[in-house]
There are 2 protein chains.
Amino acid sequence: MPITMYQASIPSFVRMLGNLSAILDKAAAHAEAKKIDPAIFVNARLAPDMYPLSRQIQIATDIVKGCAARLAGIDVPSYADTETTFAELQARIAKTVTFLQSVSAAQIDGSEERKITLKFGSREANFLGQAYLLDFVFPNFHFHLTTTYAILRHNGVEIGKMDYIGS
Amino acid sequence: MPITMYQASIPSFVRMLGNLSAILDKAAAHAEAKKIDPAIFVNARLAPDMYPLSRQIQIATDIVKGCAARLAGIDVPSYADTETTFAELQARIAKTVTFLQSVSAAQIDGSEERKITLKFGSREANFLGQAYLLDFVFPNFHFHLTTTYAILRHNGVEIGKMDYIGS
């Protein structure tokens, strides 16, 4: 049986957000063990004009809540982007997982040809559901998850690829 | 129509490798413009115990050639992992794309339940085709592509997320 839109999206998003949550737990434990202000990690960047860790996680969660809602044809939940601590970032991840789990396979399946319009300022991007998921959501989501991982790894948190992929 | 195994894999891999190739071109041009030895970028890492850029690209290409071959039930091509320059890395990417394009939809489709065994030293991991693609290959491939991007971005190459995602 070919892959349904639900199978290709929600379970994978939930799994990756679980891995992200475990990585943040390791980062918080590392900060505590080394007596480093956790805010240093939350605000860390890989380059001066790249987003800090907190924003990477806000965007990663935006991408998947937006995807789930758009494929299901329901309103995209709006989150305030005010997280400044590991605990607040964990709460955002948990809230996103709860939302993802509230969307059923019946709502998502069959959305391969659904018209999706994204607005970036004055610019619009138009996709059909399947291309939106494969060509836009997956690369974008992993881009921000891996950047989060890379920021922590670059700053000495002891994590490995298995933390990213999950087991 | 649900997503076929081919649609979810080969075209997306080829597209992302095209984006990677364009990013490496920008990195090579940057090195030349700034009169920086290109080897500095090829050997750059985000942490002392992370792989350098060259190895990130070797692994990223390994993941997708392995995926295409395993899903199709054919031998995985073996590449020597000897690349030390941008030109050699570009050749490896091009060789991988040629291989990916040699595998047809007819060979890949229907591989959702195919048994896939990966060997990591003495350890084995067993998957069915669909879970292998969604849970192992996608996260792994993007992990190494984004890390490549992050290494270059951290080292001052002027690239943005649109270079990663493609347009």
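1. A helix here is a DSSP run of H or I of at least four residues, numbered from the N terminus. By that count, A:Lys65 lies in helix 3 of chain A, which covers residues 53-72. The model is predicted.

2. Is A:Lys65 buried or exposed? A:Lys65 counts as buried, because its relative accessibility is 5% and the cut-off for buried is under 20%.

3. What does A:Lys65 touch, leaving aside its neighbours within four places in sequence? Its contacts include A:Val76, A:Pro77, A:Ser78 and A:Tyr79. A:Arg92, A:Thr96, A:Phe99 and A:Leu100 are also in contact with A:Lys65.

4. Now the interface. Chain A gives 34 residues to the contact, and chain B gives 34 residues. The two chains bury about 3,300 Å² between them. Carbon and sulfur atoms account for 65% of that area. On the chain A side, A:Ile3, A:Phe143 and A:Arg153 supply 20% of the area buried against chain B, more than any other three residues.

5. The rule finds four salt bridges across the interface of chain A and chain B. One of them joins the side chains of A:Arg15 and B:Asp135, at 3.7 Å from N to O.

6. Which elements of chain A give two or more residues to the side that touches chain B? They are helix 1 (5-33), helix 6 (129-154) and helix 7 (161-165). Helix 6 of chain A provides the largest share, 16 residues. By type, the residues on this side of chain A divide into 19 nonpolar, nine polar and six charged.

Conventions
Residues numbered from 1 in each chain as written. Chains lettered and ligands numbered in written order. Predicted model: local features only at pLDDT ≥ 70, side-chain atom pairs only at ≥ 80, totals over all residues. Heavy atoms only, no water. Contact = heavy atoms within 4.5 Å. Buried area = accessible area lost by both parts, 1.4 Å probe. Nonpolar A, V, L, I, M, F, W, Y, C, P; charged D, E, K, R; others polar. Buried < 20%, exposed > 50% of the residue type's maximum accessible area, 1.4 Å probe, protein only.
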